[in-house]
Amino acid sequence: MKNKLSVFLLAAVGLLLLPLLAQHVGNFWVRMLDLSLLYVLLALGLNIVVGYAGLLDLGYVAFYAVGAYMFGLLASPHLSDSFAAVKALFPMGLHLSAWAVIPLGAALAGLAGMALGAPTLKLRGDYLAIVTLGFGEIVRVFMNNLDRPVNITNGPKGLAQIDSIKVFGFDFGKPGELFGMGISSVTKYYYLFLALVVVSVVICHRLERSRIGRAWMAIREDETAAKAMGINTRNLKLLAFGMGATFGGVSGVMFATFQGFISPESFSLQESVMIVAMVVLGGIGHIPGVVLGAVLLAALPEALRWVSGELDLQRLTDGRLDAAILRQLLIALAMICIMLARPRGLWPAPEHGKAAPQPISPKA
């Protein structure tokens, strides 16, 4: 017990000091840490759907988009610029507080998750994956085309001038000081995202150990047997979709305020596939594995981008080698090698319920 406590304390101190050290090297590295934490939030939410309930969801990025556009519309001047009635009520633009927008984004994404789950309750496996994939693409296409005849999302041009989060007068979008040390805005957002990740890990851990979590896992292992045992599979599937989507909505709100700009290109199918890959690569259904997979797959592309920029591969090879393509190739090869070596993920959940192997006694 004391060893575990010591490990947790060391990890906490390391996580608190990490951005302060990284910002001395450059804000690029702190920004990479921020995006890694955002992807951890997304992966934890998808783990509820895929890891606990066993429902393959390839349209998870749609809930990410719902939360981001909710915050973008309610915390930017876009609605006032596009609608005269809104401008008459809010001449300076509609800038709702984050305390109001974050719950709204989570609630709207949760409702969207249940709306997706309701017509897919009888689907499994590949069929469910195809339907959820289509849902994600429908949301992206809507965001891309809802700029006419009424300009709601501003189409492919996206939403700009999105407010930063302000808590009790503390503005996360502006640099500040801590004990005489300058702190950039990306460092402030790191601590906000880290707090959300800690809260999310606690929620996921409690869910996993609860009756609901055990019922989800029973559905994942054998839905017919779970139904025969009296588990209401219909309601629990809807709850899984709703809970997972809520995490996606909050992550979308954080992404919008962190970037200050959103567009439909940020919510493509590739993002959904990458989030699924984080869950599978780390270890389906295991919280530490999911966190590890999300950090690796979120940080590795950015680290390779920095390496390719420092080496200037295109200049060294006279333009014969595209650094962006090489970066994606290396990531794909790394994923293939890891899955071949560890098919259950980098940090899989411990197996329960299997008998220990019996030692073979030597023959006389």
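The model is predicted.

Start inside. In soluble globular proteins, nonpolar side chains tend to be buried together. The largest nonpolar core here has 88 residues. Phe71, Phe193, Trp216, Ile262, Phe267 and Met278 have the most contacts inside this core. Helix α2, residues 27-52, gives the most to the core, with 16 residues.

What is isoleucine 262 in contact with, leaving aside its neighbours within four places in sequence? The list includes Ala68, Tyr69 and Gly72. Gly158, Leu159 and Ile162 are also among the contacts of isoleucine 262. Phe255, Ala256 and Phe267 complete the list. Phe267 is itself named among the core residues with the most contacts.

Now return to helix α2. Two packed helices are described by the angle between their axes and the distance between the axes. The axes of α2 and helix α9, residues 211-221, come within 8 Å. They cross at roughly 50°. On the α2 side, Ile48, Gly51 and Tyr52 make the contact. On the α9 side, Trp216, Met217 and Arg220 make the contact. By class, the contact of α2 with α9 has 4 nonpolar, 1 polar and 1 charged residues.

Next, take two single residues. Threonine 187 lies in helix α8, residues 185-209. Is threonine 187 buried or exposed? Its relative accessibility is 0%, so threonine 187 counts as buried. Leaving aside neighbours within four places in sequence, threonine 187 is in contact with Pro19, Leu20, Gln23 and Val30. Alanine 84 is found in helix α5, residues 84-89. At 65% relative accessibility, alanine 84 counts as exposed, because exposed means over 50%. Alanine 84 and valine 13 are 71 residues apart in sequence. In space, the two are 51 Å apart, C-alpha to C-alpha.

Finally, turn to charge. Side chains of opposite charge can pair when their charged atoms come close. How many salt bridges does the structure hold? It holds 5 salt bridges.

One of them joins the side chains of glutamate 223 and arginine 124, at 3.2 Å from N to O. This pair links distant parts of the chain, 99 residues apart. Glutamate 223 is in helix α10, residues 223-228. Arginine 124 is in the loop between α6 and α7. Glutamate 223 is buried, with a relative accessible area of 11%. Arginine 124, at 49%, counts as partly exposed. The pair also belongs to a network of salt bridges that links Arg124, Glu223 and Lys237.

Another salt bridge joins arginine 140 and glutamate 137, at 3.1 Å from N to O. Both residues are in helix α7. They are 3 residues apart, so about one helical turn separates them. Arginine 140 counts as partly exposed at 25% relative accessibility. Glutamate 137 counts as partly exposed too, at 23%.

A further salt bridge joins the side chains of aspartate 147 and arginine 148, at 3.5 Å from N to O. Aspartate 147 counts as buried at 19% relative accessibility, whereas arginine 148 counts as exposed at 60%.

Notes. Residues are numbered from 1 along each chain as its sequence is written. This is a predicted model: local features need pLDDT of at least 70, side-chain atom pairs count only at pLDDT 80 or more; totals for chains, interfaces and linings use all residues. Side-chain values use heavy atoms; hydrogens and water are left out. A salt bridge is a side-chain nitrogen of Lys or Arg within 4 Å of a carboxyl oxygen of Asp or Glu. Helices (H or I, at least four residues) and strands (E, at least two) are DSSP runs, numbered from the N terminus. Buried means under 20% relative accessible area, exposed over 50%, partly exposed in between (1.4 Å probe, protein chains only). A nonpolar core is a set of buried Ala, Val, Leu, Ile, Met, Phe, Trp, Tyr and Cys residues joined through side-chain atoms within 4.5 Å. Contact means heavy atoms within 4.5 Å. Axes are lines fitted to C-alpha atoms, for helices over the stretch in contact, and angles run from 0 to 180 degrees between N-to-C directions. Ala, Val, Leu, Ile, Met, Phe, Trp, Tyr, Cys and Pro count as nonpolar, Asp, Glu, Lys and Arg as charged, and the others, Gly among them, as polar.
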